[in-house]
Amino acid sequence: MKFTYFHLMPYAGLPDDFEKRFSSPSLTYPNGYFDPELGVELYHRYLDELELADELGFDGIAVNEHHQSAYGLMPSPNLMAAALARRTSNARLMVLGNAIGIRGNPLRVAEEIAMLDHLSRGRVVSGFVRGIGWEYFAHSVNPTRSRARFEEAHDLIIKAWTTREPFQWVSPNYEFRYVNVWPRPLQQPHPPIYIPGAGSTETMRWVAQHQYSYMSVYAPSSLTKRWFDGYRSASEEAGIDPDPEKIVFSVPLYVAETDELAHAQARGPVEWLFHKGLKQGFEIIFPPGYMTPGSMRGMLSSGFAGFENMSYEDLLREHIVIAGSPDTVGETLEQLRDTLGFGSMNVLMCIGDMPHERVVSSMELFAGKVMPALR
Amino acid sequence: MPDATTQGTAERLALGGGEISIRSGGDGPPLLFLHGGGGAGQWQPAHALLAASHRVIAPDHPGFGESDELPEVEGVDDLVYHYLDVMDRLGLERPAIVGHSFGGWVAAEIAVHSPERVGALVLLSPVGLRLPEHPITDVFFVPPPEIPAMIFHDPSKLPAPDGPPDADMLLAIYRDSTALARYTWSPFMANPKLERRLHRIASPTLVVWAEGDRVVPREHAERYAELIAGARLQTIPECGHALQLERPEEVVAVIGDFLAEVEAEAVAR
């Protein structure tokens, strides 16, 4: 089992009655509410937590990309990864991922990841994501072109990393007459690739065929199981024996000395994450064309009604969140590993507005008492 | 007064990379009706009323309603060529073209491109012009429950659905919305170059705007009327953006009077 410490860098300063006053922390929550002094504090605190994860022996530390949102303060994940590259030494430096569907120029991503690969002496993992629905509003990128842009940008970046001479690129959404990125990556043929999946069969098949790592998004474990089974059968169809380490379970997780303490301390931050951070209407997560008809039908028929109406207990029951003593968390993860069949985990341990001391204590308990048994 | 009894019949037409669906009905001079973001796949009371005096041809735009998505039709410029092909295939020499909202934009683009192919032009609360100081409502950002209040002056008059929407209905709405986004996401609902080309339109033109329109500000209708030679602007009181759906009799009467005038003049010449 491989463990990645994943950070969202949430803006912890949302008002208590946020969900009554605002429709979402994304796209429309005025940036007048952003307190720059708190911003400085949060960035340094969050980078400290990622550095601590490296010291505690996590296999990877991960950052991600979000725009115009208090949900996550990393419009540029590559900047955060650069800040970590020279202050960490062992953990994989994972950018999960660059939202190549909304980038104007995918070659910039190829260049920055290649730079990071050198800065980190070959520790970079490159995730590619399409970008969340509201980011298509925020970037004026047509969501009906999302999938095509993503695939073209991916193909272009891989070709830019693996071709040893200048070439020309022409595809429906991109045209570059001269592609010749300097530097090219340190890792050969290129850094490992992670792709998140949320049930789309097209994505499962595509990730399986490329033998990339397939990472879940927050969802009930019954859904996650369907996705991982889908990835495994897509791999088998492609004649590939799926490597369990490439099946990655993502989950917010909190560990305290006892179950009681864990629940008492996790409840508020978990509610923050799912009721404030992920408060968003259908129209901003699923702009037109962002979902294929098949994926949309799958989502409508899954009966999943969104996080807004799920209580802390619901979230625990569906294993969307895990919290408890080291023993409870260890047992739960063993069960889930056996049912879902994953070989890697992305754990989100700074949940919502959780105070730094609690995050650190949870990390230490997890690294000291849970990880060793699961390895 | 025309009655609303004329039935429309749907036919399929193979064109380019797929098939489109066309509803038509009535007898008389041809009238090509181009729907907006909503209204695909329907023979509405306004169609039936118009069909009392005209042969009404109401296609679903590619990707909308019962029409296939056509890979070669990606933007409004492609739609212009698409409809010139449709007109050729159906033998429509110089039809009247009535376009609502997005369909009004397409109608104006056809008339700019091929002025000689348009007998009369009616633009119902059209989008298509880029007037940043008078923004069009971001229809993609409106939460689904708020849509009735956005398109009707009096939302209580919107025909009530038979029951809660099922998955098929939601998917159909998402598909129409996807088709609309393909053509209009960016630049949003506009061709920045259209304004400077409107002088090419040669047909008699009527612009109709609904006084309770919460999607398209009045200035858009005014700008069309100002830049199309001889165009007339008429408004419909107590009516929202879905004007021919909210007030079919009034809207069809306005269109009918205008077309009767145009057709009488054509005979006199």
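The model is predicted; local features need pLDDT of at least 70, side-chain atom pairs count only at pLDDT 80 or more, and totals for chains, interfaces and linings use all residues. Residues are numbered from 1 along each chain as its sequence is written, while chains are lettered from A and ligands numbered from 1 in the order in which they are written.

Chain A contains 14 helices and 11 strands. These elements are DSSP runs, numbered from the N terminus, with helices (H or I) of at least four residues and strands (E) of at least two. The radius of gyration of chain A is 20 Å, close to the 21 Å given by the globule rule for 375 residues, so chain A is as compact as a globular protein of that length. The radius is taken over C-alpha atoms, and the rule is 2.2 Å times the number of residues to the power 0.38. Along the principal axes, the C-alpha atoms of chain A fill a box of roughly 60 × 45 × 45 Å. Of the 375 residues in chain A, 47% are buried. A residue is buried if 20 or more other C-beta atoms lie within 10 Å of its own, exposed if 12 or fewer, and partly exposed in between, with C-beta atoms placed from the backbone.

The contact between the chains takes 16 residues from chain A and 17 residues from chain B. Two residues are in contact if their C-beta atoms, placed from the backbone, lie within 7 Å. On the side of chain A, helix H10 (282-285) and helix H11 (293-302) each supply at least two residues. The largest share, five residues, comes from H11(A). By class, this side has eight nonpolar, six polar and two charged residues. Ala, Val, Leu, Ile, Met, Phe, Trp, Tyr, Cys and Pro count as nonpolar, Asp, Glu, Lys and Arg as charged, and the others, Gly among them, as polar.

Thr6(B) lies in the segment before strand E1 (9-15) of chain B. Thr6(B) has 19 C-beta neighbours inside 10 Å and therefore counts as partly exposed. Leu90(B) is 84 residues from Thr6(B) in sequence and 20 Å away in space, C-alpha to C-alpha.
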